[in-house]
Amino acid sequence: MLEIKGLEVKLEEEDKQILKGVDLKIEPGMVHAIMGPNGSGKSTLSYVLSGRDGYEVTGGSATLEGNDLLDMEPEERAALGLFLAFQYPVEIPGVGNMTFLRTAVNAQRKSRGEEELSAADFLKEVRAKAKSLKIDADMLKRPVNVGFSGGEKKRNEILQMAMLEPKMCILDETDSGLDVDAMKLVSEGVNALRSEGRSFLVITHYQRLLDHIKPDIVHIMADGRIVKSGGPELALEVENNGYADILAEVA
Amino acid sequence: MALAKLKSDTTEARLAGVTLPTGAAWANAARADAMARVREMGLPTKRDEYWKYTDPTTLTDAAVGQAALFHSEEAALFDAVDRVRVVFVDGVFDAEASDDLAAEGLEIERLSDAMATDIHWAKDVYGVLEARGQKPVARTLAALNTAVATDGVVIRATAKAAKPINLIYLHRDETSDAVLHNLVKVEPGAEVTLLETGPAAARFSKLLEVDVADGGTFHHVRAQGRDHERRAVTHCFARIAAESTFKSFTLTFNGVLTRNECVLEIVGDDATAHVAGVCVGDGKDFHHDDTVFITHDAVNCESRQVFKKVLRNGATGVFQGKILVKEGAQKTDGYQISQSLLLDDDSQFLAKPELEIYADDVACSHGSTSGAIDETALFYLRSRGVPHEDARNLLTLSFLAEALEEIADEGLAEELRDRLEGWLARHR
């Protein structure tokens with residue numbers, strides 16, 4: 001599904017190397033997690049994959065089902081099936097959540113040469129999916145993320161994911177700002193989307209999210225590289241001993 | 001004190017050959033008084049502090065610049081709204097194109113008819129509110145309008161009006177110089193909505209005086225027309241009485257020069273006065289100026305000024321807004337926000353927000369910002385698959401939303417929003 005080879009990235013504005021050769025391969029249907037201390041480059045990886053400005057790729061490649069992601073506009077990557085759930089979802093006053101969702105869904109369908117969803121079909125689908133995420137009609141009507149609590153914003157991200165049905169989902173610190181109940185709700189939403197044809201890359205500081213979204217493979221990232229990979233037990237090791245031991249071990 | 005030479009030269013050049021129209025005695029007196037004000041105050045020049053950001057020369061010149069007609073494929077605005085249409089072509093009333101000037105709760109007359117009537121309520125409004133609004137800042141172009149206007153419409157709302165009135169200003173002559181003067185009197189407890197649409201003329205001077213009595217409600221929604229080369233100076237003077245509501249919204253597309261002055265005087269307690277505007281301008285020839293002056297002279301009143309401008313390719317936007325809270329106008333709640341979205345480095349926004357407060361128990365705030373499209377929000381939308389241009393337009397509409405929300409009627413707001421969407425789609 002997603003294949004990253006030797007990816008090197010620096011900041012566009014300053015001479016600062018963030019990613020120093022990242023290798024990662026995610027097979028269809030797999031859930032990978034990336035853990036790592038602050039500043040290790042986890043969020044940068046998610047931004048570079050989804051096409052945010054401000055970064056310069058200095059080496060390596062990233063492909064989604066064989067398509068070179070790095071030369072594409074963010075909307076083209078989205079249409080190919082890439083989705084990034086933001087750590088800090090953006091508030092957009094004056095644009096209704098529903099309008100936004102429908103614009104996004106239809107833009108993607110259009111760029112894939114599919115027919116746009118009718119208003120009725122769209123409404124039916126969004127209502128059903130919103131219900132399972134406990135998103136009420138009021139939240140759908142309100143402007144995108146405006147006045148939403150931390151938990152509501154993250155649920156809204158998962159709703160977008162559910163509506164857009166991407167192949168490759170990147171969750172950037174989706175657990176940040178969530179209480180236990182909200183984390184459970186969000187995780188259930190994510191788990192409901194797990195399928196053979198859909199892969200996940202879950203970026204997190206903490207192991208607790210991975211209690212709910214069980215990963216197949218866990219990677220530890222430090223200083224712009226993936227320094228260790230393993231099974232779910234690796235996350236537990238981090239939880240119990242912190243990063244220091246692992247980092248010392250690979251240094 | 002004698003006027004400065006440039007000012008007196010400008011004024012005399014403009015007034016050469018101008019003769020005052022005649023009508024009923026009170027009308028003649030109102031016009032003569034207005035002309036006296038013009039001579040006393042002098043027409044604005046670019047040296048005036050109040051015209052620091054907008055050059056008035058083409059508005060005060062005796063000669064009128066040419067303005068090409070703009071042909072649009074779009075249907076006329078508010079076509080689906082059940083309304084009384086009052087049509088002016090290059091500033092001249094067109095009875096044939098207009099509806100019957102009648103609706104329940106409304107008395108509508110042509111200005112020239114009212115001005116020829118010996119006893120008419122218009123006597124207490126025509127030029128009266130304009131004259132009140134000449135202090136502390138001179139608005140001489142408004143006085144000139146009062147002196148020379150012959151056409152316009154005179155509206156009295158006696159109850160909740162059955163339908164809105166739509167003044168439709170058509171532009172057919174490339175060198176027309178139109179002057180219109182409209183009056184609205186809202187009787188106690190009455191309610192009316194006034195719509196104004198269209199470019200009107202190559203050069204347009206329009207004045208609206210609104211007298212809202214106790215408990216009255218006045219809604220005003222205006223869409224200034226799309227002709228790129230037209231010039232307009234418009235004034236709105238309103239007197240707002242106790243427990244009444246005044247809400248005005250203006251949308252401006254294009255235009256080489258637009259100066260919209262809005263002068264509101266809140267004279268009764270517990271009243272509400274909102275004035276809002278959106279303008280979208282493309283190109284270095286676009287210049288749009290909103291100048292607002294709201295006086296609070298009563299207790300427990302609320303005023304809001306919400307102005308948003310979208311400027312691109314070297315366009316210029318100006319905002320001068322003032323809240324004056326007089327002594328004793330306690331519990332005043334005054335809010336003012338002016339913002340511009342600059343879509344490139346060549347466009348500019350000039351803002352002069354002012355507060356002057358002589359009461360100690362008030363809440364007044366003002367803010368002004370200029371900014372570009374928020375890159376994070378843009379990325380957010382694009383990461384959901386929304387193409388770059390569409391995302392930018394969505395965020396532009398998001399920027400304008402607070403001003404559009406000032407329109408009470410959702411249908412009207414939606415229609416203007418659609419037009420804005422269309423404009424944005426055409427100006428990529």
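What share of the contacts in chain B with a separation of 6 or more comes from residues 24 or more positions apart? The share is 84%. The legends below refer to a predicted model.

Figure 1. Chain B is built from nine helices and 20 strands. Its C-alpha atoms occupy a box of roughly 70 × 50 × 50 Å along the principal axes. For 428 residues, a compact globule would have a radius of gyration near 22 Å, and the 21 Å of chain B agrees with this. Of these 428 residues, 53% count as buried.

**Figure 2. Overall dimensions of chain A.** Chain A contains ten helices and twelve strands. The radius of gyration of chain A is 18 Å, close to the 18 Å given by the globule rule for 251 residues, so chain A is as compact as a globular protein of that length. The C-alpha trace spans about 55 × 40 × 35 Å along the principal axes of chain A. Buried residues make up 44% of the 251 in this chain. In chain A, 71% of the contacts with a separation of 6 or more are between residues 24 or more positions apart.

**Figure 3. The side of chain A that touches chain B.** Here 22 residues of chain A are in contact with 17 residues of chain B. On the chain A side, at least two residues each are supplied by α2 (74–80), β7 (92–96), α3 (97–111) and α6 (150–164). Helix α3(A) gives the largest share, five residues. Sorted by class, this side of chain A has twelve nonpolar, six polar and four charged residues.

**Figure 4. Crossing of helices α2 and α6 in chain B.** Two packed helices are described by the angle between their axes and the distance between the axes. The axes of α2(B) (residues 25–41) and α6(B) (residues 140–148) come within 8 Å and cross at roughly 150 degrees. Angles over 145 degrees count as roughly antiparallel, and α2(B) and α6(B) are therefore roughly antiparallel to each other. Their crossing is left-handed. From α2(B), the residues B:A30, B:R31, B:A34, B:M35, B:R37, B:V38 and B:M41 take part. They meet B:T140, B:A143, B:L144, B:T146 and B:A147 of α6(B). The residues of this contact comprise eight nonpolar, two polar and two charged.

**Figure 5. Surroundings of helix α6 in chain B.** Helix α6(B) is mostly covered, with eight of its nine residues buried. The buried residues are B:T140, B:L141, B:A142, B:A143, B:L144, B:N145, B:T146 and B:A147. They pack against three helices of chain B, namely α2, α3 (57–60) and α5 (128–132). They also pack against the strands β7 (177–186), β9 (203–212) and β11 (231–240) of chain B.

**Figure 6. Residue B:G65 and its contacts.** B:G65 sits in the loop that runs between α3 and β1 (84–89) of chain B. Because B:G65 has 16 C-beta neighbours inside 10 Å, this residue counts as partly exposed. Apart from neighbours within four places in sequence, B:G65 is in contact with B:T58, B:A202 and B:R231. B:K7 is 58 residues away from B:G65 along the chain, and the C-alpha atoms of these two residues are separated by 21 Å.

Conventions:
Residues are numbered from 1 along each chain as its sequence is written. Chains are lettered from A and ligands numbered from 1 in the order in which they are written. This is a predicted model: local features need pLDDT of at least 70, side-chain atom pairs count only at pLDDT 80 or more; totals for chains, interfaces and linings use all residues. Axes are lines fitted to C-alpha atoms, for helices over the stretch in contact, and angles run from 0 to 180 degrees between N-to-C directions. Helices (H or I, at least four residues) and strands (E, at least two) are DSSP runs, numbered from the N terminus. Angles under 35 degrees count as roughly parallel, over 145 as roughly antiparallel, 65 to 115 as roughly perpendicular and the rest as oblique. A crossing is left-handed if the near helix is turned anticlockwise from the far one by less than a right angle, and right-handed if clockwise. Two residues are in contact if their C-beta atoms, placed from the backbone, lie within 7 Å. Ala, Val, Leu, Ile, Met, Phe, Trp, Tyr, Cys and Pro count as nonpolar, Asp, Glu, Lys and Arg as charged, and the others, Gly among them, as polar. The radius of gyration is taken over C-alpha atoms; the globule rule is 2.2 Å times the number of residues to the power 0.38. A residue is buried if 20 or more other C-beta atoms lie within 10 Å of its own, exposed if 12 or fewer, and partly exposed in between; C-beta atoms are placed from the backbone.
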